Amino acid sequence: PAASVFKIVTASALLNEGVTPDATACFHGGKRNISAKMLEDSRKDSRCMSLTNALARSANGIFAKLTHRYLTAQKLKGFAAAYHFNEPMDFPIPTDTSLAAVPDDALGLAATGAGFGDVFMSPLHGALIASVAANGGLWRKPVLFERDVLTEGEPERVISEGDAAKLAHMMGETVRVGTARR
């Protein structure tokens, strides 16, 4: 399962929609699943955090709520395609195709945006997704041998350079204060 790595795809889509890394939302629940009640603001929303902190701490409730507010299934499907989901990977060692089924219904879409649902990926694909931020928003084909770097072809623009810088900072917070700090 892609789980929280898919939040990088969702964060890219949110940044593209103009949601800033400092944009804050409040939530309740969401640790193990997403319910329709979590998508609307409520008095139960006792925790608030920015998009940056939501990525760093893998806050499913924030990602579900922001996906519900700002994204359509078409937009998230578009970013999943830009990140090469649902297509075979050209690599010398056979690698399973990473799959992302983005449902059209509001609850399913929000859950997928939070990393739940039918989203699966190979470890190689996870590394390539993470590398987009480091590559200034560019997708580079994977290479097995150093000699192949020169023949890898032209990189593809996935996100803008500005959004890549924001995403790289957000991912850095995951290591500095978030789920990967240890």
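Which exposed residues does the face of helix 6 turned away from its buried side carry? I looked this up in a predicted model. That face carries Pro123 and Ala134.

**Helix 6, length.** I checked the span of helix 6, residues 123-134. At 1.5 Å a residue, its 12 residues should span 16 Å, and I found the end C-alpha atoms 17 Å apart, which agrees.

**Helix 6, buried side.** I listed the buried residues of helix 6 as His125, Gly126, Leu128, Ile129, Val132 and Ala133. They cover an arc of only 165° around the axis, so they lie on the same side of helix 6. I noted the general rule that an α-helix has 3.6 residues a turn, so residues three or four places apart point the same way. I then looked for what covers the buried residues of helix 6, and found helix 1 (6-16), strand 5 (138-139) and helix 7 (161-176) among the elements.

**Helix 6 against helix 7.** I found that the two axes come within 7 Å and cross at roughly 120°. That angle makes helix 6 oblique to helix 7. Ala130, Val132 and Ala133 of helix 6 make the contact with Ala164, Leu167, Ala168 and Met171 of helix 7. By class I noted seven nonpolar residues in this contact, with no polar and no charged ones.

**Helix 3.** I turned to helix 3 (residues 60-70), which is mostly covered, with eight of its 11 residues buried. The buried ones include Phe63, Lys65 and Leu66. I found the buried residues of helix 3 packed against helix 1, strand 1 (24-27), strand 2 (47-50), helix 2 (51-56) and helix 5 (106-113).

Key: Residues numbered from 1 in each chain as written. Predicted model: local features only at pLDDT ≥ 70, side-chain atom pairs only at ≥ 80, totals over all residues. Heavy atoms only, no water. Helix = DSSP H or I, 4+ residues; strand = E, 2+ residues; numbered from the N terminus. Expected span 1.5 Å × (residues − 1). Buried < 20%, exposed > 50% of the residue type's maximum accessible area, 1.4 Å probe, protein only. Arc of directions from axis to C-beta. Contact = heavy atoms within 4.5 Å. Axes fitted to C-alpha atoms, helices over the stretch in contact; angles between N-to-C directions. Parallel < 35°, antiparallel > 145°, perpendicular 65-115°, else oblique. Nonpolar A, V, L, I, M, F, W, Y, C, P; charged D, E, K, R; others polar.
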